[in-house]
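Subject: Structure for you to look at

Hello,

Here is the structure I promised to pass on.

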Amino acid sequence: MIELTGVSKTYEKGSTVVRALDDVSLRIDRGSFVAIVGPSGSGKSTMMNIVGLLDRPDAGRYDLDGSDVGALSSDELAEARNERIGFVFQSFHLLANTTALENVELPLVYSNRPDISGLGLSALERVGLEDRAQHTPGELSGGQQQRVAIARALVNDPDLILADEPTGNLDGASGLEILGIFQELNRLGKTIVLITHDVEVAAMADRRVNIVDGRVVSDEITRGD
Amino acid sequence: MRVRRNFSLSTKALLRHRVRTALAISGTGLGVAALIVMVAIGEGAERELMTEVEAMGSNLLLVRAERAEPLIGRSSSAGLVNTLKPADVEAILEDCPAVERAAASFDRNLQVKYGILTTRTSVRATASQYELIRNFPTRRGRYFTPEEDQSGQRLAVLGSRVAASLFQGVDPVGQRIRIERVPFEVIGVLESKGASLNAGSDEDNQILVPLRTGLRRVFNVDHVTLIYVQVRAGEDMEAAATQVATLLRERHGLDRSEPDDFGIDNQLLVLQAERDAAASFQRLITALAAVALLVGGVGILSIMMLSIRERRNEIGLRIAVGAKRRDIRTQFVVEALFLGGAGGLTGLLVGTATAAAIRRATEWQTAVSGDAIALALGAALAVSLIFGVLPAQRAAALDPIESLRAE
Ligand SMILES: Nc1ncnc2c1ncn2[C@@H]1O[C@H](COP(=O)(O)OP(=O)(O)OP(=O)(O)O)[C@@H](O)[C@H]1O
Ligand SMILES: [Mg+2]
């Protein structure tokens, strides 16, 4: 479903040119669980922003579900993000002083769906936090906050979940809990793309893509089932 | 659906930042309150002036007796000068074609008695024409006629306040009063004009008596202090004043080198000057209010800018989860309008209360009109829209990746 062909992205900072992504070609099938690993500054987040339709490549082509997203307007990209992609960030990005439920419902504000009642609460149920619906982020632990963020990513029932270091700010136990949720979601058919530094975390995925200096240097199946 | 979801979101965002929201609201609120108060003062002054014009009669010349005095701007007090005679009035009526009516007047504060009740009030000897010239009809009874004046009848027409204080419920018409021991029959009671703005000249607190009777029997003088001159409709006030002045100088035997021994006030000019002053005052205060509103607008602008800078994360997140540029812009424009509207309402309440307080505490008859309210609220919304669009554009143009990275 995700197909990058010769994708490049360069940043110019003064006189230095950084090739954040350098001619990357990658195919990720529907329903797979892929870990993207690589050293800091290797271009992982850059790739996730492109895959997540937050950024456009300078060169190359990106097909999502068989159609070229380069042809989409920025409004169409926004709609595609809203309907087809869920984001999970390292630092959660929950709105402060706003209840868990309202945070989860944020994507619905921009949804064209006619009936959105109950979706927020059922997304919270999927991460086991329905009893914390009225709590604000300040009243939740780090692990719980990240679970709220996952519920937010799920609320519009997208096929693709993109997570950039989702366990980076969590202790080991909470991290494992979050990874358990991803595995469960993957089992239910979601495509998961997970960026991580952590070898152990990467081991939970079916496939590991290693990026160095903006290039894919290895791509291996870690679990065959 | 989307609009409603977006709106509830905006209000929630504002409620989350209470102090900042309160600041922005009070900024515009102050501007609107200032606008309301200032327009209320201006409008009150305008209304006052209109009532004054109506009370005075707009085509009125006031000829005052004045001692021929070389000192500039000094007119001697009434009663001490005897330059105006009743015969001057007849001459004006005869020889000044621009004049419609004229009435002489002499007045002084005297003791008046009804039964055992005594009061001091202004007694004015004047002609029956006074009614038409001053637009001052009777509420009960009637004025004296020119014939009654000629034959020296002792008749009196009471101002409404004198009637109330002296008669206390009894119908005064037909009753006898004594003015400085001279008996008079009350034949009419004037309509109430309400408290006059010219301090010290309460026209409801006077008694009118026929000119000849008054001069001979009460005041014992042969001159008058004032001549009211009503100019014919369509005639130029200045030209009429010149006719009257020329005639009086001739009659008083003044040669070229001598100054006038009378003064002529053109009521219309006086009122117009007052009105112009009020209008320019109103322009000034409206400009001040505009500045206040502008300051309120800049307040909204800077607070929105600050808010957007602080909420970059939130904006980036919203874009990531599917907000379009226009959704972000709408959200912040709505927030600005909400601030402006709340400021407008707050200002309206504060301004109206202040205007009422000013009315109680001072002699300014402040008036808050529907127009003023619409203007103030409209101005608040317009200002918030104008100053809200720029920050909203800024917010909508933010790069989501950078915004999400910002801490
Ligand atoms: N907006 C930008 N302007 C300039 N250079 C940038 C920008 N964004 C990223 N880069 C550069 O592109 C390269 C790849 O950055 P990227 O964020 O994708 O790395 P990463 O693999 O996610 O690193 P980390 O593991 O530290 O998050 C880095 O060298 C970075 O400095
Ligand atoms: Mg990164």
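This is a predicted model: local features need pLDDT of at least 70, side-chain atom pairs count only at pLDDT 80 or more; totals for chains, interfaces and linings use all residues.

Let me begin with strand β5 of chain B, residues 155-158. L155(B) and V157(B) point one way from the strand, while A156(B) and L158(B) point the other way, and all are buried.

β5(B) has pairing partners in chain B. With strand β7 (residues 182-190) the pairing is parallel and runs over 4 bridges; there, V157(B) sits opposite G188(B). With strand β8 (residues 206-210) the sense is antiparallel, over 2 bridges, and L158(B) has I207(B) as its bridge partner.

Next comes helix α7 of chain B, which spans residues 211-219. Its buried residues are L211(B), T213(B), G214(B), L215(B), V218(B) and F219(B).

One more spot is worth a look: S128(B). Where does S128(B) lie? Its place is the loop of chain B between β3 (117-126) and α4 (130-133). S128(B) counts as buried because its relative accessibility is 14%, and the cut-off for buried is under 20%. Leaving aside residues up to four places away in sequence, S128(B) touches Y143(B), F144(B), T145(B) and P146(B).

Happy to go through any of this with you.

Best wishes

Note on methods: Residues are numbered from 1 along each chain as its sequence is written. Chains are lettered from A and ligands numbered from 1 in the order in which they are written. Side-chain values use heavy atoms; hydrogens and water are left out. Buried means under 20% relative accessible area, exposed over 50%, partly exposed in between (1.4 Å probe, protein chains only). Contact means heavy atoms within 4.5 Å. Two strands pair if DSSP finds at least two bridges between them.
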